[in-house]
Amino acid sequence: MTTKAPLRVFFIVDGYTLKKANDYYRLYHPCHTPLDFRAIKNWARKEALRLFTPVSRYAQMQCHYYHPYKDPQMYCHSHGISCLERELRYTGFQIHYCEQVGPDGVKPNMSLMEDVMLFATYSRMDALVLLSSQRQFAPLPEKLSAMGIKTLLMGWNFQYVKNDRNVVWKTDRNLKENATFYVAMDCVAEGLMGAAGSGLFCDG
């Protein structure tokens, strides 16, 4: 009996986007509940299998989280990183810290693109699942497509009022257009809200 080879998936999380989404649900959304990293990982695996492979195939997933802050052990600034780091490692993510940050101490970790291209070149990657909304990463899906690697983009869109100012967060249009598949995770989260065992929130 021939066993089908697994789908080799790299799940890459832009920590800057996830931070913004998590803060939105914790502080400004009516649910006031943080996202569940394990639930997001499991959802990404199932969606990748559904979109990229026959049902009979299974996935081997490598998970990488690109932190928008510098390594607190090197620069002595925690930013609440230690608890987040423990949770991410427990969930199975490798953590990559940001080498250069902006004036406010946080920015997208641009080593994400370089690392993904290295993974694609020297590792056997069948598909990429990218959680991001940032325009800085828009060239990545197109480069991977040229190598025969498809991309599932998990984007976030939301708006809220902060200090009497309307804040709007949208997934970059070029990033969406370059991806093979795009999923609006804000719609997924709302649809699964309150669903026991299948939601994306810590109390879901």
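**Notes on a predicted model**

1. Let's start with threonine 91, which sits in helix α4 (residues 81–91); helices here are DSSP runs of H or I with at least four residues, strands are runs of E with at least two, and both are numbered from the N terminus. Threonine 91 counts as buried because its relative accessibility is 4% (buried is under 20% relative accessible area, exposed over 50%, partly exposed in between, using a 1.4 Å probe and protein chains only). Leaving aside residues up to four places away in sequence, threonine 91 touches Phe37, Arg38 and Lys41, where contact means heavy atoms within 4.5 Å.

2. A word on the ground rules. This is a predicted model, where local features need pLDDT of at least 70 and side-chain atom pairs count only at pLDDT 80 or more, while totals for chains, interfaces and linings use all residues. Residues are numbered from 1 along each chain as its sequence is written, and side-chain values use heavy atoms, with hydrogens and water left out.

3. Now the sheet. Six strands make an open sheet with parallel pairing, in the order β3-β2-β1-β4-β5-β8; two strands pair if DSSP finds at least two bridges between them. At the edges are β3 (93–96) and β8 (181–184), each pairing on one side only. Strands β4 (residues 127–131) and β5 (residues 150–155) run parallel and are joined by five bridges. Leucine 130 has leucine 153 in β5 as its bridge partner.

4. Helix α1 (residues 15–28) deserves a look. Its 14 residues should span 20 Å at 1.5 Å a residue, and the end C-alpha atoms are 19 Å apart, which agrees; the expected span is 1.5 Å times one less than the number of residues. Buried residues of α1 include Gly15, Leu18 and Ala21. At the N-terminal end, aspartate 14 caps α1, with a side-chain oxygen 3.1 Å from the backbone nitrogen of tyrosine 16.

5. Finally, the aromatics. The whole structure holds twelve aromatic pairs (rings of Phe, Tyr and Trp, the last by its six-membered ring, with centres within 6.5 Å; planes under 30 degrees apart are stacked, over 60 edge-to-face, the rest tilted). Phenylalanine 52 and phenylalanine 181 pair edge-to-face, at 5.5 Å centre to centre and 65° between the planes. Phenylalanine 52 is in helix α2 (residues 37–52) and phenylalanine 181 in strand β8, so the pair ties together parts 129 residues apart in sequence. Phenylalanine 52 is buried at 17% relative accessible area, whereas phenylalanine 181 is partly exposed at 27% relative accessibility.

Note on methods
A polar contact is a pair of N or O atoms within 3.5 Å; within protein, one must be able to donate a hydrogen and the other to accept it, and residues adjacent in sequence count only if both atoms are side-chain atoms.
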